[in-house]
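Open the model in a viewer and follow the selections below in order. Each stop says what to select and what is there.

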Amino acid sequence: MSEADLRTQVGIIGAGPAGLLLARVLQLQGIDSVVIEAQSRAYVEQRVRAGLMEHDACQQMRDAGVGARMDREGLLHEGIVLRFDGRSHRIPLTELSGGRQVRVYGQQEVVKDLIAARVADGLPLYFGAQASAIEGIDGARPVIRFRHAGVEKSIACDFVAGCDGFHGISRASMPADVMRVFERVYPFGWLGILAEAAPASHELVYASHANGFALLSMRSPTVSRLYLQCAPDEDVAAWPDARIWGELETRLADDAGFALTRGPIFQKGVTPLRSFVAEPMRHGRLFLAGDAAHIVPPTGAKGLNLAFADVHVLAGGLVEWYRRGSMVGLDAYSATALRRVWKAERFSWWLTTLMHRFDSHSAFEARMQTAELDYLTSSRAGMTTIAEQYVGLPLL
Ligand code: RFL
Ligand code: PHB
């Protein structure tokens, strides 16, 4: 073995929420891993993405010993507001889900906490290390090839965890003839902003408006996170700050005189919306987790939470293997994870379809959306079905 060669039990590609949480959970169970990440530490710690953590995802952070800052700084939420036809309807999430709560805590904060713990423990985590190939997944000794600081290196491992997101190499390393892909690309995207402005509502507001969907969220008592439905390839340059605030005010208005708080916008970006699932999530010794295997539109706030749920199942299977030499959990990984994935896909697709404006919709279909929203928000059963999925189905 040359100096460039590493040996570990689980080789983890990608230091997003999935790869970092997996490494941490395995460490606590005495299982070694090496994590490689293509980007720099600063880049992954600053990448603005998801913000809402389900009840059990928060517990996963605590169980991994990295929940203290989340519990201190994360904002606890017990309800959300659905707004349509200019009327606001609160869904009491906690009351309708047997006491479960969600927390607003930025994905980059989750990533920072997990990186800090790994660095503090002196465990291998390479930034600027891009995986180029995964070899031997059909055998017992797979190898990950990567480049770091100008040197070609490799990791020999027992298992490979492909946690490298939608554009990574792991999914592409599965044989094409064993994989089936399911996809829906929506005819719109979200324009998201971060602003130095106190959130105008204590709870998240999901608004359906004739001009399109809008969402009010937040990151802290002084920072608002707001989204507008837009074209999938919308040019951010066409959206000066005044236009964004004007459109948000129009779409978020209600009959109780809702007033948006404005402030300096310090981040703007467009995300196209997509539903995507690759089946199976495992081939031989390669296991996919998180966005590497599936994408949801952000309406249901499920992306990060689903990545965490995959890790729960995968870590359980790996622990069973290293403790008892049993492959039962690992053999069931794909089927077990996919049961939850499909339910989260369905919820995200459904909420997206219910709340957004579709140019292809007839006047009839637009009335159907309003009637469904009216039913859901006036029926305890309707509100309960939203609440139990929004706070997150229990982990398997
Ligand atoms: P990530 O976070 O994409 O992490 C994958 C990591 O793998 C690295 N990587 C490689 N490393 C080494 N070698 C290679 N060859 C590599 N190829 C890639 C990448 O640099 C990256 O660091 O996946 P993970 O861990 O599965 O986590 C999933 C979540 O990040 C994702 O589901 C959510 O952020 C989705 N998402 C949102 N979800 C929400 O619930 N609410 C949101 O508001 C929300 N906004 C978003 C989002 C996803 C976005 N993406 C993917 C473009 C906004 C954006 C812009
Ligand atoms: C966010 O705060 O970024 C956020 C919250 C809820 C969503 C999507 C995004 O459904």
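Start with helix 10 of this predicted model and select Gln 369, Leu 373, Leu 376 and Thr 377, which are buried. Look down the axis of helix 10: the buried residues lie within an arc of 90 degrees, so they line one face of the helix. An α-helix has 3.6 residues a turn, so residues three or four places apart point the same way.

Now select Ala 363, Phe 364, Arg 367 and Ser 378, exposed residues on the other side of helix 10. To see what covers the buried residues, show strand 6 (80–84), strand 7 (87–91), strand 15 (205–208), helix 9 (328–355) and helix 11 (380–390), which are among the covering elements. Then check the length of helix 10: its 16 residues (363–378) reach 23 Å from first C-alpha to last, close to the 22 Å expected at 1.5 Å a residue.

Next, go to the largest nonpolar core, which has 72 residues; Leu 22, Ile 36 and Met 53 touch the most other members. Helix 8 (residues 303–324) supplies the largest share of this core, 10 residues.

Center on Met 53. Beyond its neighbours within four places in sequence, the contacts of Met 53 include Cys 58, Met 61, Met 70, Val 102, Tyr 105, Leu 304 and Phe 308.

Stay with helix 8 and take the distance between its end C-alpha atoms: it is 32 Å, which agrees with the 32 Å that 22 residues should span at 1.5 Å a residue. Gly 325 follows helix 8, with a positive phi near 65 degrees.

Definitions and conventions: Residues are numbered from 1 along each chain as its sequence is written. Chains are lettered from A and ligands numbered from 1 in the order in which they are written. This is a predicted model: local features need pLDDT of at least 70, side-chain atom pairs count only at pLDDT 80 or more; totals for chains, interfaces and linings use all residues. Side-chain values use heavy atoms; hydrogens and water are left out. A nonpolar core is a set of buried Ala, Val, Leu, Ile, Met, Phe, Trp, Tyr and Cys residues joined through side-chain atoms within 4.5 Å. Buried means under 20% relative accessible area, exposed over 50%, partly exposed in between (1.4 Å probe, protein chains only). Helices (H or I, at least four residues) and strands (E, at least two) are DSSP runs, numbered from the N terminus. Contact means heavy atoms within 4.5 Å. The expected span of a helix is 1.5 Å times one less than its number of residues. The arc is that of the directions from the helix axis to the C-beta atoms.
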